[in-house]
Amino acid sequence: MASQSQPVRPTYRVRPQVSAWLTLLTFFFLFCILVAGAGATGWFYYRNATQPLPPALVSVSAPSGVSIQQSDSSPLIIPQTPCVDTKKVCVRLSEGMRVVANAEAGYGPVASLVLPDQSQIDLWAHPTGADLKLEQYHASRWTNRDQEIQLHQTTGYARYDIRDGQRYANVHYTVTITNNVKVELAVPGSYSINVPNMDDQSTSVVTTTGTYIGPPPLVEVSVRSGSATIHSGAQQRIVEQNTKRQVTTAGMITEQMAPTWQLVADGQFNQYAQQKFYSPGQSNTWQRFWGLGAPDLTVAERNAVFNVVKSCSPETPILCENNQVNIAQFRRDGGQTRPFFIGIFQPLDVDVSEYKSLQLSAWVRVVYQSLPSVGDGTECPLLIHLEYKKTGPSDFDVQYICIYSSKDGNIVSQPEKHGDIYYKPVPFYEWYHLNLELRDIPALKDIRYLQTIRIEARGHDYVSEVTDVGLVGRQ
C-alpha cells in the first residue's frame with residue numbers, strides 16, 4: 001500500500017519589528033518596577049528611619065545608694081558629677097544604660113530621669129530597691145512622625161509623668177516587666193508602676209476587699225491621669241484614670257480597683273484571733289507588748305490583759321447574734337493606784353511620700369476609765385502611736401493620739417494638741433468612728449516613712465476597745 005504524505009504545516013516567524021517592541025516594553029516595565037521599588041524603599045526608609053535621641057539627665061539625691069551601668073557587661077558605677085545649681089549628682093543616661101538604687105538609699109524619690117521631651121521618671125528605693133533600664137530611645141530621623149521609648153523595670157516603684165505637647169505625632173512609651181508582661185502608657189499621663197520583690201513572701205497585698213499576708217503581685221499599675229494598657233500573655237486590659245490593676249504571679253490581670261492602699265494588715269483582728277499568738281514575734285500581723293508606768297510594780301499590779309473577743313459590731317451594737325465581729329479589748333482592774341500599760345503593735349515599714357492623703361480610721365470605745373482626766377501620756381485608756389521618719393533613715397519620731405471618754409459631752413471634730421500628744425475625746429461607753437487625716441497634723445504633713453503603729457491602754461484601771469483599724473494611703 002502506498003504511504004500517505006503528511007500535510008506541510010506553515011512556519012510562523014515573528015517579524016523583527018514586533019520582537020524589538022516586545023523587548024523594549026519588557027525592559028521598560030522592568031525599569032518601572034525598579035524605579036517604583038527604589039522609590040517605595042526610599043520613602044519607607046525616609047518614613048521609618050530612626051536615630052537615638054539625646055541622653056536623658058538623671059539627677060540623684062542619694063549618690064551613695066544609686067549606681068549607673070553603661071551596658072549589661074559593664075560594672076555598676078556611682079555617679080560623681082555635681083548637678084548645676086543643686087546639691088544632687090547628675091549623669092547622662094543613653095540608650096542601653098541602667099539605673100540601680102539600693103533599698104537603703106532613703107525615702108522618697110532617690111533618682112529622677114528627665115527625658116529631652118521633658119517627661120520625668122522618678123525612682124523610689126524603699127523597701128525593695130529599684131532597677132530601671134532605658135532599652136530603646138529612638139525617634140524618626142527626618143520627620144516628626146514617631147518616637148519610641150522602651151524601658152525595662154525589673155524591681156521597685158517608679159512614677160512616670162509623661163508630658164503633653166510632644167514634638168512627634170506618634171509617641172510610644174512601653175515598660176517591660178517580664179517577657180510576657182508589658183505596660184503601654186498613653187501620652188500624656190501620670191502613672192505609677194510597682195514591681196515588688198518576689199523573694200519576699202510576707203509582703204501585705206492590697207485587694208478589693210482589704211489586706212492579706214501572702215506573695216506580692218507581679219506588678220501593680222495605677223493611673224492618675226491618662227490610661228495604661230497591660231499586656232500579660234494573650235490578655236490585654238486597660239487601666240483607666242483614677243484606678244489601678246495588678247498582675248498576679250500566675251499572669252492574671254485583676255479587675256480595676258480604687259487607687260488606695262491599706263497600710264495596716266488585719267485591721268479586723270481575724271488572723272490574730274485565729275493564730276492565738278500572744279508573745280512578741282509570733283504573729284504575722286499584730287504583736288503584744290507591755291510596759292511599766294511606774295517603777296517596782298508588783299506582780300499583782302501587772303495585771304493588764306489584752307484579748308480579742310467576739311461581740312456586736314459597732315454599727316449594730318444590739319441584737320447581733322448573727323453579726324458579731326472581733327473586738328480588740330484592753331482591760332485592767334483591781335483599783336490600781338499606779339499606771340501600767342498593755343498594747344499591740346504592727347511593723348508598717350512603708351514609704352508614704354507618694355501619698356497625699358493618709359487616713360487613719362477605727363471604731364473605738366472607752367467602757368471604763370478610773371480617772372476622769374488624762375494627761376502627759378501616762379493616763380490614757382486608748383493611745384495610738386505612729387512611729388515615723390520625716391526624711392531619711394536616721395530620723396525617728398513618734399506621734400501620739402490619745403482617745404479618752406468625755407463625760408461632759410464635749411466632742412471635738414479634730415484632736416487637740418497638748419505638748420506632744422493629740423487628745424481626742426469620745427462619748428463615754430459609746431462606739432465612736434475615729435477618722436483622722438494625718439496629713440492635717442503639722443508634724444505628719446511631709447513625712448516620708450511610717451515605721452510602726454502601736455495601740456495601747458495605759459493608766460490605772462481601764463476597759464477600752466477597738467476594731468476595724470485602717471490606715472489608707474491615696475496618691
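User: What makes the link between the side chains of lysine 244 and glutamate 220 a polar contact?

Analyst: In this predicted model, the two side chains are joined at 3.4 Å. The cut-off for a pair of N or O atoms is within 3.5 Å, so the pair counts as a polar contact.

User: Why is lysine 244 called buried?

Analyst: The relative accessible area of lysine 244 is 0%. Buried means under 20%, and therefore lysine 244 belongs to that class. Its place in the chain is strand β19, which covers residues 243-247.

User: Is glutamine 153 buried or exposed, and how do you know that?

Analyst: Glutamine 153 has a relative accessible area of 1%. The limit for buried is under 20%, so glutamine 153 is buried. This residue lies in strand β10, residues 146-162.

User: What does the side chain of glutamine 153 reach, and why is that a polar contact?

Analyst: The side chain reaches the backbone oxygen of isoleucine 193 at 2.9 Å. Because the limit is within 3.5 Å, this pair qualifies as a polar contact.

User: Which residues does glutamine 153 touch, leaving out those up to four places away in sequence?

Analyst: Among them are Asp131, Leu132, Tyr160, Val175, Ile193 and Val195.

User: What makes a group of residues in this chain a nonpolar core, and how many residues has the largest one?

Analyst: The members of a core must be buried residues of the nonpolar kinds Ala, Val, Leu, Ile, Met, Phe, Trp, Tyr and Cys, joined through side-chain atoms within 4.5 Å. The largest such set here has 50 residues, and those with the most contacts inside it include Leu93, Leu151, Tyr160, Leu185 and Ile193. Leucine 185 is in contact with Tyr160, Ile162, Tyr173 and Ile193, among others, when neighbours within four places in sequence are left aside. A second, separate core of 47 residues includes Leu297, Phe306, Val352 and Val466. In soluble globular proteins, nonpolar side chains tend to be buried together.

User: What makes a space in the structure a cavity, and how many of 30 Å³ or more are there?

Analyst: A cavity is a space where a 1.4 Å probe fits but cannot get out. The structure holds 1 cavity of 30 Å³ or more. About 60 Å³ of space lies in the largest cavity. Of the 12 residues that line this cavity, the closest to its centre are Gln369, Leu371, Glu379, Pro381 and Asp461. The lining divides into 5 nonpolar, 4 polar and 3 charged residues.

Conventions: Residues are numbered from 1 along each chain as its sequence is written. This is a predicted model: local features need pLDDT of at least 70, side-chain atom pairs count only at pLDDT 80 or more; totals for chains, interfaces and linings use all residues. Side-chain values use heavy atoms; hydrogens and water are left out. On a 1 Å grid over the protein atoms alone, a cavity is a set of points where a 1.4 Å probe fits but cannot get out, and a pocket is an open set with protein on both sides within 12 Å along at least five of seven lines; lining residues have an atom within 4 Å of a point. Grid points are joined across faces, edges and corners, and a volume is the space filled by probe spheres set on the points. Ala, Val, Leu, Ile, Met, Phe, Trp, Tyr, Cys and Pro count as nonpolar, Asp, Glu, Lys and Arg as charged, and the others, Gly among them, as polar. Buried means under 20% relative accessible area, exposed over 50%, partly exposed in between (1.4 Å probe, protein chains only). Contact means heavy atoms within 4.5 Å. Helices (H or I, at least four residues) and strands (E, at least two) are DSSP runs, numbered from the N terminus. A polar contact is a pair of N or O atoms within 3.5 Å; within protein, one must be able to donate a hydrogen and the other to accept it, and residues adjacent in sequence count only if both atoms are side-chain atoms.
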